[in-house]
Amino acid sequence: MEDLPKVTKAEMLPGVRLRLEFDNGQVRYYPVHEQIDLLMNPFDVSKLKKTYGANLFLG
């Protein structure tokens with residue numbers, strides 16, 4: 001089984017992007033605007049329970 005590369009450096013860039021450097025030399029950029037929204041507005045299970053889909057999701 002192939003080992004997954006490990007992150008050696010992470011840097012936040014303008015435009016809400018994350019720059020990651022890996023131990024195999026790769027550099028990748030990831031948009032993180034959706035994740036920041038989750039941090040600013042945490043998920044509330046009580047709101048989810050009020051919807052029909054939540055009943056299916058939560059069992």
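The protein chain holds 3 helices and 3 strands, where helices (H or I, at least four residues) and strands (E, at least two) are DSSP runs numbered from the N terminus. The model is predicted, so local features need pLDDT of at least 70 and side-chain atom pairs count only at pLDDT 80 or more, while totals for chains, interfaces and linings use all residues. Residues are numbered from 1 along each chain as its sequence is written, and side-chain values use heavy atoms, with hydrogens and water left out. From the N terminus on, the order of elements is β-β-β-α-α-α.

**Chain totals**

- The protein chain has 59 residues, of which 10% count as buried; buried means under 20% relative accessible area, exposed over 50%, and partly exposed in between (1.4 Å probe, protein chains only).
- The accessible surface of the protein chain is about 5400 Å², and 59% of this surface belongs to carbon and sulfur atoms; areas come from the Shrake-Rupley method with a 1.4 Å probe, and for residues only the protein chains shown count as cover.
- Among contacts (heavy atoms within 4.5 Å) between residues at least 6 apart in sequence, 2% join residues at least 24 apart.

**The sheet**

- The 3 strands make an open sheet in the order S1-S2-S3, with antiparallel pairing; two strands pair if DSSP finds at least two bridges between them.
- Strand S1 (7-13) and strand S3 (27-31) are the edge strands, and each has a single partner strand, so one side of each has no neighbour in the sheet.
- On average, neighbouring strands of this sheet are turned by 20° against each other, direction ignored; the axes are lines fitted to C-alpha atoms, for helices over the stretch in contact, and angles in general run from 0 to 180 degrees between N-to-C directions.
- In a regular strand, side chains alternate between the two faces of the sheet.

**S1 and S2**

- S1 and S2 run antiparallel and are joined by 6 bridges.
- Methionine 12 stands opposite leucine 18 in S2.
- The two strands form a hairpin with 3 residues between them, and glycine 15 in the turn has a positive phi of about 85°.
- Threonine 8 belongs to strand S1 and is exposed, at a relative accessible area of 53%.
- Threonine 8 and phenylalanine 22 are 14 residues apart along the chain, yet their C-alpha atoms are separated by 5.2 Å.
- Leaving aside neighbours within four places in sequence, threonine 8 has contacts with Glu21, Phe22 and Asp23.

**S2 and S3**

- Strand S2 (residues 17-22) runs antiparallel to S3, and 5 bridges join the two.
- Glutamate 21 has valine 27 in S3 as its bridge partner.
- The hairpin of S2 and S3 has 4 residues between the strands, and glycine 25 takes a positive phi near 95° there.
- Asparagine 24 lies in the loop between S2 and S3 and counts as partly exposed at 45% relative accessibility.
- The side chain of asparagine 24 reaches the backbone nitrogen of glutamine 26 at 3.1 Å.

**Arginine 19 and glutamate 21**

- The structure contains 1 salt bridge, defined as a side-chain nitrogen of Lys or Arg within 4 Å of a carboxyl oxygen of Asp or Glu.
- Arginine 19 and glutamate 21 form a salt bridge in which the closest N and O atoms are 2.5 Å apart.
- The side chains of arginine 19 and glutamate 21 are also joined by a polar contact of 2.5 Å; such a contact is a pair of N or O atoms within 3.5 Å, where within protein one must be able to donate a hydrogen and the other to accept it, and residues adjacent in sequence count only if both atoms are side-chain atoms.
- Arginine 19 is found in strand S2 and is buried, with a relative accessible area of 19%.
- Glutamate 21 is partly exposed, with a relative accessible area of 22%.
- Apart from neighbours within four places in sequence, arginine 19 is in contact with Lys9, Ala10, Glu11, Leu13, Val27, Arg28 and Tyr29.
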